[in-house]
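Here's a quick tour for anyone meeting this structure for the first time. Have a look at the picture, then read on for the main points.

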Amino acid sequence: MSDKKTVTVKLVRSPIGTKASHRATVVGLGLRKLNSTSTLEDTPAVRGMINKIAYLVQVL
């Protein structure tokens, strides 16, 4: 079945006023509005994206 690890992230701070690359990372993770969540495959690329915008998201 689905033996791949996943990670769920939640947008807890607004990306308004942040760097354009950070806003693009939020969109790249599939997050739209505040408090929206996204379940993603746990890969090094996704981990790096989460680390880049750690001050905006919460890992559930």
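This is a predicted model: local features need pLDDT of at least 70, side-chain atom pairs count only at pLDDT 80 or more; totals for chains, interfaces and linings use all residues.

A quick word on terms first: strands are DSSP runs of E with at least two residues, helices are runs of H or I with at least four, and both are numbered from the N terminus.

**The overall layout**

- The protein chain holds two helices and three strands.
- Read from the N terminus, those elements follow the pattern β-α-β-α-β.
- The radius of gyration comes out at 11 Å, close to the 10 Å that the globule rule gives for 60 residues, so the chain is as compact as a globular protein of that length.
- Along the principal axes, the C-alpha atoms fill a box of roughly 40 × 20 × 15 Å.
- Buried residues make up 30% of the 60 in the chain.
- If you take the contacts with a separation of 6 or more, 71% of them link residues 24 or more positions apart.

**The sheet and the helix on it**

- The three strands make an open sheet in the order 2-1-3, with antiparallel pairing.
- At the edges sit strand 2 (37-41) and strand 3 (57-59), and each of them pairs on one side only.
- On average, neighbouring strands here are turned by 30 degrees against each other, if you ignore direction.
- Helix 2 (residues 44-52) packs on this sheet and touches strand 1, strand 2 and strand 3. Its direction makes about 25 degrees with that of strand 1.
- Strand 1 and strand 3 are joined in the antiparallel sense by three bridges.
- As a general point, strands of a sheet pair through backbone hydrogen bonds, either parallel or antiparallel.

**The nonpolar core**

- Twelve residues form the largest nonpolar core: V7, V9, L11, V26, L29, L31, L40, V46, I50, I53, L56 and V57.
- Strand 1 and helix 2 each bring at least two residues to this core, and strand 1 has the largest share, with three.
- L29, one of the core residues, is in contact with S38, L40, V46, M49, I50 and I53, once neighbours within four places in sequence are set aside.

- L11 lies in strand 1 and stands opposite V57 in strand 3.
- Is L11 buried or exposed? Its relative accessibility is 0%, so L11 counts as buried.
- Beyond its neighbours within four places in sequence, L11 has contacts that include V26, L31, L56 and V57. The list also takes in R32, K33, L34, N35 and S36.
- L11 and T37 are 26 residues apart along the chain, yet their C-alpha atoms are separated by 6.6 Å.

- T8 counts as partly exposed because its relative accessibility is 22%, and the cut-off for buried is under 20%.
- Which residue does the side chain of T8 meet in a polar contact? The partner is the side chain of T39, at 3.3 Å.
- Leaving out neighbours within four places in sequence, T8 is in contact with T37, S38 and T39, and also with Q58, V59 and L60.

- T18 sits in the loop between strand 1 and helix 1 (20-28).
- With a relative accessible area of 16%, T18 is buried.
- The T18 side chain reaches the backbone oxygen of P15 at 2.5 Å.
- Setting aside neighbours within four places in sequence, T18 is in contact with R23, Y55 and L56.
- N35 belongs to the loop between helix 1 and strand 2.
- The phi angle of N35 is near 70 degrees, a positive value in a residue other than glycine.
- N35 is partly exposed, with a relative accessible area of 48%.

How values were computed: Residues are numbered from 1 along each chain as its sequence is written. Side-chain values use heavy atoms; hydrogens and water are left out. Buried means under 20% relative accessible area, exposed over 50%, partly exposed in between (1.4 Å probe, protein chains only). Contact means heavy atoms within 4.5 Å. A polar contact is a pair of N or O atoms within 3.5 Å; within protein, one must be able to donate a hydrogen and the other to accept it, and residues adjacent in sequence count only if both atoms are side-chain atoms. Two strands pair if DSSP finds at least two bridges between them. Axes are lines fitted to C-alpha atoms, for helices over the stretch in contact, and angles run from 0 to 180 degrees between N-to-C directions. A nonpolar core is a set of buried Ala, Val, Leu, Ile, Met, Phe, Trp, Tyr and Cys residues joined through side-chain atoms within 4.5 Å. The radius of gyration is taken over C-alpha atoms; the globule rule is 2.2 Å times the number of residues to the power 0.38.
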